[in-house]
Structure formats: C-alpha cells, structure tokens
Amino acid sequence: MNEEYILNQNFEITGGDFSNAGKISTSIKEILREIGIDHSIIIRASIAIYEAEMNVVMYARRATLCLNINPEKLHFELKDEGPGIKNIDLAMKEGFSTATDEMREMGFGAGMGLPNIKKNADRFKITSTPGEGTALNMTFCLDKTGKK
Amino acid sequence: MTLREIKEILQAEVICGEDSLDTEITFAGGSDLMSDVLAFGKPGILLLTGLSNAQSVRTANIIDAKAIVYVRGKKPDEEGIKLAKEKGIPLLSTKLMMYATCGLLFSHGLPGVSSLSKEQQ
C-alpha cells in the first residue's frame with residue numbers, strides 16, 4: 001500500500017443483484033463520514049458512487065471499485081466487465097437511456113446517471129470498449145481550490 | 001413545519017421514527033424516480049415518493065433526506081425499514097395520492113426544493 005494514501009480499499013459490485021444495489025455506496029458514505037470528510041463533498045461523492053453502482057447493477061456483469069483517499073483528494077476508479085457503451089456522447093446526454101422495465105421499477109433508468117456523476121465530481125473521465133466494459137474515474141478535491 | 005404537523009396534515013401513519021416527529025422540515029420534493037431525486041434533491045429534503053422498495057431509503061440516506069413520506073398508502077419492505085432505523089430516517093405513509101400530498105403541504109407553506117434560493121441550497 002502506498003504510504004501516501006490514508007485509505008486504499010477495493011469493493012466488488014455484482015451485476016444484476018438488484019436487492020443489494022446501493023449497499024456499497026451506503027458503506028462508502030459511512031467511511032467518508034467516519035474519516036471526517038467535508039459534508040458537502042460526502043454528499044457529492046456518495047451521489048456519484050451510488051449512480052455508478054446502480055449502473056453496474058443494471059448493465060454490467062461485475063465491477064471493481066477502488067477507493068483511494070489522500071489528504072488532497074478522494075479518487076474512485078470503477079472498472080466493469082459488461083457490454084460497454086457504444087456511443088459515450090449519447091450516454092452522457094440527460095434523458096438518454098437503454099433501461100428495462102425492471103430497472104425503472106427500481107426507480108432508476110431515467111438517463112440521468114452519467115450526467116449526474118459528471119456534475120458532482122470535480123474531475124470525471126469515462127472510457128469504454130464495446131463488448132468488454134466501461135471504466136470511470138472520479139476525483140473529488142479535498143483542498144479548497146478544487147471544490148465545486 | 002414539524003414532521004408531527006406533516007403527519008396530521010396528511011393523516012399519515014408513522015412506520016418508524018416516532019421519537020423524531022419534532023424534526024423541523026423546511027422543504028420537500030416528490031418523485032417516484034430515484035434518478036431524479038439524486039439529480040435534484042438536496043440535503044434536508046422531505047422526500048415524498050410512491051417507490052416502496054429499499055432503494056427509496058438508500059437514496060434518502062445518500063442525499064441526507066430528513067424523512068420519507070410514502071404516498072398512495074405504500075409502505076417500504078422490511079429491508080427498507082431496517083435501514084431507515086439504522087440511519088435514523090423517519091418513515092411515514094399516507095393514503096393520499098402524490099398530487100394531493102404535495103398540494104396539501106405546499107398550501108400549508110412548505111416550499112418545494114426548486115423554490116429554495118442558491119444560499120438556502
């Protein structure tokens with residue numbers, strides 16, 4: 001473990017597991033609260049991670065979420081194995097969705113997820129290979145200069 | 001307005017959080033879509049929803065909602081109630097439909113999340 005990090009933790013998310021969807025985000029929010037991260041950053045990070053977790057549950061087979069916290073920033077890297085995204089520009093548009101009825105019954109699939117992650121993160125990067133999977137990088141700055 | 005007043009206005013049943021009815025509520029928002037709640041909700045919101053699975057409570061917890069009122073007589077599942085108790089989120093249920101629930105609270109002076117000024121948010 002890199003000594004620079006004050007926390008470095010991995011989480012596994014299982015695709016299609018609707019009954020447990022959101023549990024990892026709930027745990028991460030508790031971790032951030034216990035560390036004493038600024039409340040507004042906790043809310044932004046929790047929303048982004050919850051949206052990302054729901055995307056994995058809804059669309060992918062599995063994913064690994066790596067959380068790194070150092071004194072300057074929270075960094076989340078999410079890599080999933082799944083169908084990937086053919087057109088990222090389209091997926092980033094509010095309201096665009098390929099959700100099924102089951103996803104909508106859970107209260108999700110309105111096409112707000114990725115735009116909402118981007119809105120909440122200080123830095124956001126998405127890459128995807130159709131047929132293989134999608135990777136998200138989300139950074140939340142803890143120093144005043146990077147705060148939204 | 002307190003949760004106790006909201007309970008009276010909506011003739012609501014308390015599912016859990018009976019000891020938190022004196023909590024002050026300053027604004028509310030209604031949606032069955034948790035995607036919208038995550039996009040437009042603000043910490044401190046009173047969430048009005050007809051979505052009764054555990055996602056409603058998980059979403060409320062993520063955005064630091066003060067309480068949830070389920071409309072149309074809906075009640076959350078056991079897992080939702082368990083999480084709400086753990087996180088201290090009071091849950092109420094009213095037989096009123098969403099439109100009437102929002103209208104009644106608004107007419108009693110409880111503003112919507114979109115009415116908040118930038119400073120209040």
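**Exercises on a predicted two-chain model**

The buried residues of α5(A) are covered by parts that include α2 (39-59), α3 (88-91), β4 (123-129) and β5 (133-141) of chain A, together with α2 (34-40) of chain B. Residues are numbered from 1 along each chain as its sequence is written, and chains are lettered from A in the order in which they are written. The model is predicted: local features need pLDDT of at least 70, side-chain atom pairs count only at pLDDT 80 or more, and totals for chains, interfaces and linings use all residues.

**Exercise 1.** Find which residues of helix α5 of chain A are buried (20 or more other C-beta atoms within 10 Å of the residue's own, C-beta atoms being placed from the backbone).

**Exercise 2.** State the strand order of the open sheet in chain A.

Solution. Step 1: strands pair if DSSP finds at least two bridges between them. Step 2: the order is β1-β2-β3-β5-β4, with antiparallel pairing. Step 3: β1 (7-14) and β4 are at the edges with a single partner strand each, so each has one side without a neighbour in the sheet. Step 4: seven bridges join β4(A) to β5(A), and A:Arg123 has A:Thr139 as its bridge partner.

**Exercise 3.** Describe the contact between the chains (C-beta atoms, placed from the backbone, within 7 Å).

Solution. Step 1: 17 residues of chain A are in contact with 17 of chain B. Step 2: on the chain A side, α2(A) gives the largest share, five residues.

Definitions and conventions:
A residue is buried if 20 or more other C-beta atoms lie within 10 Å of its own, exposed if 12 or fewer, and partly exposed in between; C-beta atoms are placed from the backbone. Helices (H or I, at least four residues) and strands (E, at least two) are DSSP runs, numbered from the N terminus. Two residues are in contact if their C-beta atoms, placed from the backbone, lie within 7 Å.
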